[in-house]
Amino acid sequence: MIGRLRAALVGAAALLTAGVLTTPAGAAPDPGTVSLTAQQRTQAFWTPERMRRATPLDVLSVDRSEVTAAEPRKGKKTLIVPSAPASPVGTLAFPNGGGAWTGGGAVVQTAGRVFFTYQGRTASCSGNAVTSANKSTVLTAGHCVKLEGAWHTNWMFAPGYHDGQTPYGTWTASRTLSTPQWTASEDINYDIGAAVVAPLNGQLLTDVVGGQGLAFNTGYSKAMYAFGFPAAAPYDGQKFIYCSGTTYRDFLLSSDHGLTCNMTGGASGGPWFTQFSEATGTGFQSSVNSFKYNFLPNAMYGPYFGADAQNLYRTAQSS
């Protein structure tokens, strides 16, 4: 019997393992549309104090024998251009293993913190607004919408969050969804989630903050930038943090991208970009912060955006 292997999953400030978590029988299905009443409750629920006090989830572990390093389904290379305005920013260091993003640009508007309730506790992840037909699509990690067979409730997105401030408002989910593989069995190779957010004050999300581009089926070993709001020590969830460098394919238990990065819990769901411009803060999202191995604390992993990620995006933007 192979010994148990623990790995740290960084979303929602949670630590999770690289592997498959079996969904309990009778687990809730995709929640679909969230009622207007529930959306109103969510808006009232997330006071500034609750956002500040959102805490990490528990450490989870699985047996290594349960891990499936499946080859992600491939498709045609696809690029969807950003709809965010290109605002000038300064030049920062590349590569970077984790530091405050001080450049500004479109990314400080499109990326934000995600808040939700999980097992009766308040928790946080990260997310990003993307160009979409409904102008209301946010991408995040799968475990930032569903974990251990349970869909999160009180789901809300705060783009441009910083230091307890929500300059672009708080946007409640009208629907949350994930890849079929994460929905069915929480397969770490497909740890990708999405939310469709309701209009706020009569406006649609990307009309307010813009939307980043997307890249599907573009391969491995790319120069990438990863962003997020890590909330576990040494971070506190109040600052926008980034890592940058040339990625590699995970040589251990998954088919993910790997990147040198010291972001911690709470960063999960934050966007990874290819062709990211430090001059404008725009790029093509091609992964999300997903997990860390506990014996490799300075390496972050993010799922490959293949055919299933693209299908998830299509479903979300048509909702």
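Tutor: Let's start with a term: buried means under 20% relative accessible area, exposed means over 50%, and partly exposed is in between (1.4 Å probe, protein chains only). This is a predicted model, where local features need pLDDT of at least 70, side-chain atom pairs count only at pLDDT 80 or more, and totals for chains, interfaces and linings use all residues. Residues are numbered from 1 along each chain as its sequence is written, and side-chain values use heavy atoms, with hydrogens and water left out.

Student: How many helices and strands does the secondary structure come to?

Tutor: Both are DSSP runs numbered from the N terminus: helices are H or I with at least four residues, strands are E with at least two. By that count, the protein has six helices and 23 strands.

Student: Among contacts between residues at least 6 apart in sequence, what percentage joins residues at least 24 apart?

Tutor: A contact here means heavy atoms within 4.5 Å. Taking the pairs at least 6 apart in sequence, the share that joins residues at least 24 apart is 76%.

Student: Which cysteine forms a disulfide with C125?

Tutor: A disulfide is a pair of cysteine sulfur atoms within 2.5 Å, and a search of the whole structure finds two. The sulfur atom of C125 lies 2.1 Å from that of its partner, C144. The pair links distant parts of the chain, 19 residues apart: C125 is in strand β8 (residues 121-129), and in the loop between β9 (137-140) and β10 (146-147) sits C144.

Student: Is the disulfide of C125 and C144 left-handed or right-handed?

Tutor: C125 is buried at a relative accessible area of 0%, and C144 is buried at 0% too. The handedness comes from the torsion about their S-S bond, which is about -80 degrees, so the disulfide is left-handed.

Student: And which cysteine does a disulfide join to C243?

Tutor: The S to S distance is 2.0 Å, and the partner of C243 is C261. This pair also links distant parts of the chain, 18 residues apart, with C243 in strand β17 (residues 241-246) and its partner in the loop between β19 (257-260) and β20 (271-277). The torsion about the S-S bond is about 65 degrees, so the disulfide is right-handed. Both ends are buried, C243 and C261.

Student: Which residues lie nearest the centre of the largest pocket?

Tutor: On a 1 Å grid over the protein atoms alone, a pocket is an open set of points with protein on both sides within 12 Å along at least five of seven lines, a cavity is a set where a 1.4 Å probe fits but cannot get out, and lining residues have an atom within 4 Å of a point. The largest pocket holds about 220 Å³, a volume being the space filled by probe spheres set on points joined across faces, edges and corners. Three elements each supply at least two lining residues: α1 (36-45), β12 (153-159) and β13 (171-178). Twelve residues line the pocket, and nearest its centre are V34, H152, T153, N154 and W155.

Student: Which residues of the second largest pocket are the closest to its centre?

Tutor: The second largest pocket has a volume of about 190 Å³. It has 13 lining residues, and the closest to its centre are V108, G160, Y161, H162 and F240.

Student: What is the volume of the largest cavity?

Tutor: The structure has one cavity of 30 Å³ or more. Its lining includes A215, M224, Y304 and F305. The space inside the largest cavity is about 30 Å³.

Student: Where does P234 lie?

Tutor: Most peptide bonds are trans. The bond from A233 to P234 is cis, with omega near 10 degrees. P234 lies in the loop between β16 (223-228) and β17.

Student: What does S221 count as, buried or exposed?

Tutor: S221 has a positive phi of about 55 degrees although it is not a glycine, and it lies in the loop between β15 (213-216) and β16. Its relative accessibility is 51%, so S221 counts as exposed.
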